[in-house]
Amino acid sequence: MSAIRLVVFDLDGTLIDSRRDLARAANEVLASRGGGPLAEDAVTRMVGDGARALLERAFAAAGLPPPGDADLQAFNRCYHAHLVDTTLPYEGADAMVRAAAAHGIACLLTNKPEPHARRLVEHFGWAPLLAAVVGGDAAWPRKPAPDGLLAVMTQAGAEAAETVLVGDSHVDLATARAAGVRLALARYGFGAESVDPARLGPDDWVLDAPADLAPRLARSS
């Protein structure tokens with residue numbers, strides 16, 4: 001394959017460990033509706049398809065009727081208030097983003113609402129390094145639809161063979177396949193257990209730690 005010019009990062013489970021803050025927001029909304037709390041690990045398994053899907057799964061697990069728009073708004077308010085209470089980058093994630101930006105073009109593609117994504121990348125100092133930040137509420141369908149990724153590739157002038165999507169979940173794998181790009185599976189991330197290793201191809205990469213990306217990029221040149 002061609003040398004990689006564009007690195008597109010997922011956010012939750014790839015750059016940041018946000019499990020506790022997401023679980024707190026979900027449980028506060030459940031409590032407001034009379035539901036009992038869910039374990040952090042249970043909420044973690046619901047992450048990846050956007051806030052509405054997370055909340056729908058949480059309500060179902062708590063035995064509550066499906067959430068409405070007001071519940072989603074309450075979740076977003078609560079999560080915004082506690083966005084960086086306990087959320088931290090994975091060890092080596094900062095260096096990974098900087099290495100990608102130094103190598104070529106680095107972007108972010110997440111199903112998290114864009115205001116939350118932008119606040120997080122600004123908080124952790126990555127905003128100047130990212131040529132684009134695309135959230136789940138952007139003009140394109142959320143992952144695993146390839147539209148957002150294809151738009152980022154068009155903006156960067158990068159072909160599929162020159163692009164790698166760095167992500168930790170089956171959603172990222174499906175997105176990479178739909179766009180025809182290589183996946184770098186963040187096997188250290190909390191969504192990696194959802195990925196069937198048999199679905200990885202010979203051109204995909206496996207990252208056991210964020211530090212594994214830079215050597216891969218160097219060898220792709």
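This is a predicted model: local features need pLDDT of at least 70, side-chain atom pairs count only at pLDDT 80 or more; totals for chains, interfaces and linings use all residues.
1. **The overall count.** How many salt bridges does the structure hold? There are 15.

2. Start with K112 and D12, which form a salt bridge. Their closest N and O atoms are 3.1 Å apart. The pair links distant parts of the chain, 100 residues apart. K112 sits in the loop between β4 (105–109) and α6 (114–123). D12 sits in the loop between β1 (6–9) and β2 (16–17). Are these two residues buried or exposed? Both K112 and D12 are buried.

3. R24 has 38% relative accessibility, so it counts as partly exposed. E28 has a relative accessible area of 37%, so E28 is partly exposed too. The cut-offs behind that word are simple: buried means under 20%, exposed means over 50%, and partly exposed lies in between.

4. **A pair between two helices.** Next, look at D69 and R52. Their side chains meet in a salt bridge of 2.9 Å, N to O. Which helices hold them? D69 lies in α4 (residues 69–81) and R52 lies in α3 (residues 51–61), so the pair ties together parts that are 17 residues apart in sequence. R52 has 32% relative accessibility, so R52 counts as partly exposed.

5. **A network.** Salt bridges can also join up. D10, K143 and D172 are linked in a network of them. Keep D172 in mind: D172 is also one of the buried residues of helix α8.

6. **Helix α8: the buried side.** Helix α8 spans residues 170–179. Its buried residues are V171, D172, L173, T175, A176 and A179. What do they pack against? Their partners are α7 (147–156), β6 (163–167) and β7 (182–186).

7. **Helix α8: the two ends.** Look at the start of α8. There, a side-chain oxygen of S169 reaches to within 3.2 Å of the backbone nitrogen of V171. V171 is among the buried residues of the helix. Now look just after α8. G180 takes a positive phi there, of about 75 degrees.

Definitions and conventions
Residues are numbered from 1 along each chain as its sequence is written. Side-chain values use heavy atoms; hydrogens and water are left out. Buried means under 20% relative accessible area, exposed over 50%, partly exposed in between (1.4 Å probe, protein chains only). Helices (H or I, at least four residues) and strands (E, at least two) are DSSP runs, numbered from the N terminus. Contact means heavy atoms within 4.5 Å. A polar contact is a pair of N or O atoms within 3.5 Å; within protein, one must be able to donate a hydrogen and the other to accept it, and residues adjacent in sequence count only if both atoms are side-chain atoms. A salt bridge is a side-chain nitrogen of Lys or Arg within 4 Å of a carboxyl oxygen of Asp or Glu.
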